[in-house]
Amino acid sequence: MPVSPRFLADTDANMTRLEVRKHFEALTPTEKKYAHFVGRASWEGAGIIAASMTPHGPALVRLALDLFTDPPTRHTAAPRLADMAALKAKSGASDEAWKHFVEYHVQVLNNLSNFKSFGDTKFVPRVGESEFGAVIERIGSAAVQAQFAALKDAIFGVEPEAQLLLGFPAQGHVSGYFSDNISKADAEFVQGFLEAKSPLFAINTRLFKTASGDFEVRVASAETAKPAETITAPDGRKIRIVHGDFSAELAAVADAMASALPHAANDHQRRMVEEYVASFRSGSMDAHCESQKHWIRDVGPVLESNIGFIETYRDPAGVRAEWEGFVAIVNKEMTLKFGKLVDGAPSFIPMLPWGPEFEKDKFNRPDFTSLEVLTFATSGTPPAGINIPNYDEVRQTVGFKNVSLGNVVGAKSAPNEKVTFVRAEDVALYKKYQTDAFEVQVGLHELLGHGSGKLLLEEEPGKFNFDAANPPISPVTGKPITTWYKPGETWGSVFKAAASSYEECRAESVAMYLCVNEAVLRIFGLGATEEQEDIVYVCYLNMARAGLLALEFYDPASRKWGQAHMQARFAILQVLLESGAVSIRELAATRDLEIEVDRAKIRSHAVPAVGSFLQKLNVYKATADAAAGLAFYERATTVPESWLAWRETVLERKQPRKVFVQCNTFIDGAGNVTIKEYDLTLEGFIESFVERRMTGL
C-alpha cells in the first residue's frame with residue numbers, strides 16, 4: 001500500500017539550538033549541581049515517555065542508539081558517537097538514502113517513538129523497507145539486525161489505517177497506556193473505581209485487560225514490594241492494582257532527585273524535592289501534589305524546574321499524564337516584563353466576558369518568569385509556555401506558576417523558511433513581528449488564560465464555594481445556574497478526554513480577546529501606536545494561519561483530532577471567519593490558499609465574536625455543564641466536508657517542525673559541572689542523545 005506523504009518522516013527539518021550557555025555559566029557551583037541532577041532526573045524518565053506512547057517505543061529508541069553509538073562504549077558511563085562517515089561508507093547507501101535513513105532515526109529520538117508528539121500520527125522512513133533493511137544488515141551487529149527484524153512491522157506497517165493514529169487500541173489505534181484489547185468503555189469503567197480512591201490516582205497508571213476480562217492497573221513507582229490490591233466490581237470483574245511499573249526508570253529518577261537535595265536553594269525547594277522523591281519511589285500522586293504546593297511557594301528562584309507526570313494530552317481518555325521534566329535558568333530582564341503583566345492581572349481579569357461570580361474570589365498572584373531552558377525531557381519540541389500545576393485543588397487554593405520559555409519562543413528559523421498561506425504583501429511584516437506577537441500571545445494565554453476562571457464546587461456535601469441558595473445568573477442563558485462540580489468531581493473527570501483541548505481553546509481565546517488592549521501591549525514594550533497595531537494584526541494573522549494549519553492534525557477517516565492546541569486554534573479560526581474579520585481565498589492558478597485579515601474589523605468584529613465564544617467556553621467549564629459545553633465544542637471543531645480539499649493543500653505545503661538540539665551537563669573529575677553543546681546537524685543531534693545515558697534505553 002502506498003504511504004501518504006502525511007505519514008513520511010520529515011526531511012530537511014530546521015535544526016536549532018536552545019541557546020543557554022551564557023546563562024548557565026553565570027550560575028554558582030551549587031546552582032550548577034542542582035541543575036545537573038534535576039536535569040538527569042528528568043531524562044532518566046525518557047523511557048517512560050517512549051513506552052507510554054507505543055508498546056514498541058523503547059525498542060525503537062534503543063535501536064537508534066545502538067546503531068549510532070561506538071559499540072564498546074554503548075553501556076558505559078561515557079558512551080560515544082560512532083564514526084558516522086565510516087558508517088555511511090559501510091552502508092553502501094546513496095547520499096539521499098543515507099540522509100533519509102539518519103533523518104528517520106533522528107525523528108524517533110526526537111519524539112521518543114515513531115509517532116509525532118505534535119499530531120499523534122505515525123511516521124515511516126522515506127527509505128524503502130528493503131533498502132532500509134540492507135543498510136541495517138551492513139552497518140549493524142547481529143544483535144542490531146535481530147532488533148530490526150522484531151521491529152520491522154512496527155516501523156513500516158501502515159495497514160489497517162487506524163494504526164497510524166494514537167488512540168484506544170480496541171478501535172484499531174495505538175497506545176502504550178493500554179493493552180491492545182482495551183476499549184473506551186473499559187477505560188471509563190475502571191476510571192470510576194479509581195476516582196473513588198482518589199481524584200489523582202490514575203494519573204501515573206497504565207491499564208491492561210486479561211483474557212478473562214479482569215483488569216490490571218499498573219502504578220508507576222520505583223518500589224515493587226507493595227502488596228497488590230483487588231477491587232471487585234458489582235458485575236464480578238476484578239480490578240487488580242499493582243505497583244512497580246517503570247521501577248528501574250523511577251529508581252534512577254528518585255536517586256538523581258535525591259542527589260539534588262543538598263544543593264537546593266531554600267526550604268521550599270528542599271521540601272519540594274523530598275516530596276518528588278517520595279512520589280517517584282512510592283507512586284503516590286498525592287505526594288506529587290504536595291511537591292507542587294512547595295514549588296508554587298518557591299517564588300523568584302534562580303533555577304526553575306518541574307518534573308513528573310504532568311500533561312494528559314496523549315491519553316485518549318484524557319486521564320493519564322505523560323512524563324516530562326525540565327530545568328531552566330530565570331531570565332531576570334524578561335521576567336521583569338512578565339512581573340508587570342502579573343501586576344496588571346487584577347485589572348485585566350475583570351475585562352473578561354463573565355461576571356465576578358465566575359471568577360476566583362481572590363487572585364492568587366503567581367510567579368511568572370521567563371526561562372532559558374537548560375534541558376527539557378519531553379517528546380518532540382518543548383512548549384513555548386507552561387501554566388501548572390494541573391491539580392484543580394491546588395490552582396483554586398494555593399495558586400499556580402506561569403513560565404515562558406524564552407529560548408524556545410525566540411528560537412531562530414532558517415532564513416529561507418517559507419511562510420505558507422500568508423499574502424505576499426504581509427510576509428515581511430509577519431516575519432518582523434511574529435516572535436513579538438507570539439510572546440504577547442503566550443504571556444496572555446498562560447497567565448490570564450489558564451490563570452482565570454473559577455470552578456463552582458460543592459466541596460463536600462452541603463458546603464459550596466458559591467451561594468447555592470441564590471445561584472449566580474449565567475450570562476449565557478440569563479437564568480440561574482443549575483449545574484456545578486459535585487464532591488470528588490474535577491474538571492478532567494467531568495469533561496473527560498476533551499478537557500485538555502477545551503481548556504487550551506479557552507486560554508487561546510483569552511489571549512486573542514486581550515491582545516488588543518493598549519495597556520497590555522505597553523507592558524510588552526510596544527509603545528508606538530503604529531507598532532501596536534502591527535502586533536495586533538500579526539496576532540490575529542498568526543492565529544488564523546494556525547487554525548488553517550490545524551487541518552494537518554485532523555484525520556477525516558476517524559474524525560479525530562491529533563493535537564489539542566491545533567484543535568483549539570481551528571475553533572478560533574471558525575469564529576474569526578464568521579465574524580467577517582478574516583477570510584480565506586483560493587488561488588485557482590496555483591491551488592494555494594491566502595489568509596486575509598481586515599485590520600479595520602479586528603476590534604469591531606473579531607474581538608466581540610471571540611468574546612461571545614469565550615464567554616460560553618468559560619461558563620460551561622465553571623458550572624460543570626459538560627452536556628452543553630462538549631456539544632458546543634464539538635460543533636466548533638467539526639471540520640466541514642468542504643474543507644477536506646483545503647486540508648490536502650495544507651498537507652502538500654506543510655513544513656517540518658523545528659528540531660531542537662539540547663545541551664548536556666556533566667560532572668568532571670574535579671567535581672565541577674560542565675556544559676556541552678552540539679553541532680546543528682543530524683549527527684550533532686544524535687550525539688546529544690548518545691551522551692545522555694537514559695535508564696532503560
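Helices here are DSSP runs of H or I with at least four residues, strands are E runs of at least two, and both are numbered from the N terminus. Keep in mind while reading that this is a predicted model.

1. **Cis prolines.** Two spots to look at in the backbone. Pro 389 sits in the loop that runs between strand E9 (385-388) and helix H14 (392-397), and the peptide bond joining Ile 388 to Pro 389 is cis, with omega about 10°. The other is the bond between Glu 159 and Pro 160, also cis, where omega is about -10°. Pro 160 belongs to the loop between helix H8 (142-156) and helix H9 (184-197).

2. **A positive phi.** Have a look at Asp 12 too: its phi is positive, about 55°, although the residue is not a glycine. You'll find Asp 12 in the segment before strand E1 (15-17).

3. **H10 on H11.** Now the helix pairs. Helix H10 (residues 247-260) packs on helix H11 (residues 267-282) at an angle of about 165°, and the two axes are 9 Å apart. That angle makes the pair roughly antiparallel, because the label applies over 145 degrees. The crossing of H10 past H11 is left-handed. On the H10 side the contact uses Leu 250, Ala 251, Val 253, Ala 254, Asp 255, Met 257 and Ala 258, and these meet Val 273, Tyr 276, Val 277, Phe 280 and Arg 281 of H11. Sorted by class, the residues in this contact come out as 10 nonpolar, no polar and 2 charged.

4. **H11 on H12.** H11 also packs against helix H12 (residues 285-297), with an angle of about 165° and axes 8 Å apart. H11 is therefore roughly antiparallel to H12, and their crossing is left-handed. From H11, the residues involved are His 268, Arg 271, Met 272, Glu 275, Tyr 276, Ala 278, Ser 279 and Phe 280; from H12, they are Ala 287, His 288, Glu 290, Ser 291, Gln 292, His 294, Trp 295 and Arg 297.

5. **H18 on H21.** What is the angle between helix H18 (residues 499-514) and helix H21 (residues 564-579)? About 50°, with the axes 8 Å apart, so the two are oblique to each other. H18 passes H21 in a right-handed crossing. H18 brings Ser 500, Ser 501, Glu 504, Cys 505, Glu 508 and Ser 509 to the contact, while H21 brings Ala 564, His 565, Gln 567, Ala 568, Arg 569, Ala 571 and Ile 572. By class, that makes 5 nonpolar, 5 polar and 3 charged residues.

6. **The largest cavity.** How many cavities of 30 Å³ or more does the structure hold? There are 5. The largest has about 110 Å³ of space. It is lined by 15 residues, and Gly 39, Trp 43, Thr 375, Asn 664 and Thr 665 lie nearest the centre. Helix H2 (29-44), strand E8 (367-377) and strand E18 (664-667) are the elements giving two or more residues to this lining. H2 has the largest share, 5 residues. The lining of the largest cavity splits into 6 nonpolar, 5 polar and 4 charged residues.

7. **The second largest cavity.** This one has about 90 Å³ of space. Its lining counts 13 residues, with Asn 110, Gly 380, Phe 660, Gln 662 and Phe 689 closest to the centre. The elements that supply two or more of the lining residues are helix H6 (95-111) and helix H25 (682-690). H25 gives the most, 3 residues. By class, the lining of the second largest cavity has 7 nonpolar, 5 polar and 1 charged residues.

8. **The second largest pocket.** About 440 Å³ of space lies in the second largest pocket. Its lining has 25 residues, and nearest the centre are Ser 4, Pro 5, Arg 6, Phe 7 and Lys 654. Helix H24 (residues 644-652) makes the largest contribution to this lining, at 4 residues. The classes here are 13 nonpolar, 3 polar and 9 charged.

Definitions and conventions:
Residues are numbered from 1 along each chain as its sequence is written. This is a predicted model: local features need pLDDT of at least 70, side-chain atom pairs count only at pLDDT 80 or more; totals for chains, interfaces and linings use all residues. Side-chain values use heavy atoms; hydrogens and water are left out. Axes are lines fitted to C-alpha atoms, for helices over the stretch in contact, and angles run from 0 to 180 degrees between N-to-C directions. Angles under 35 degrees count as roughly parallel, over 145 as roughly antiparallel, 65 to 115 as roughly perpendicular and the rest as oblique. A crossing is left-handed if the near helix is turned anticlockwise from the far one by less than a right angle, and right-handed if clockwise. Contact means heavy atoms within 4.5 Å. Ala, Val, Leu, Ile, Met, Phe, Trp, Tyr, Cys and Pro count as nonpolar, Asp, Glu, Lys and Arg as charged, and the others, Gly among them, as polar. On a 1 Å grid over the protein atoms alone, a cavity is a set of points where a 1.4 Å probe fits but cannot get out, and a pocket is an open set with protein on both sides within 12 Å along at least five of seven lines; lining residues have an atom within 4 Å of a point. Grid points are joined across faces, edges and corners, and a volume is the space filled by probe spheres set on the points.
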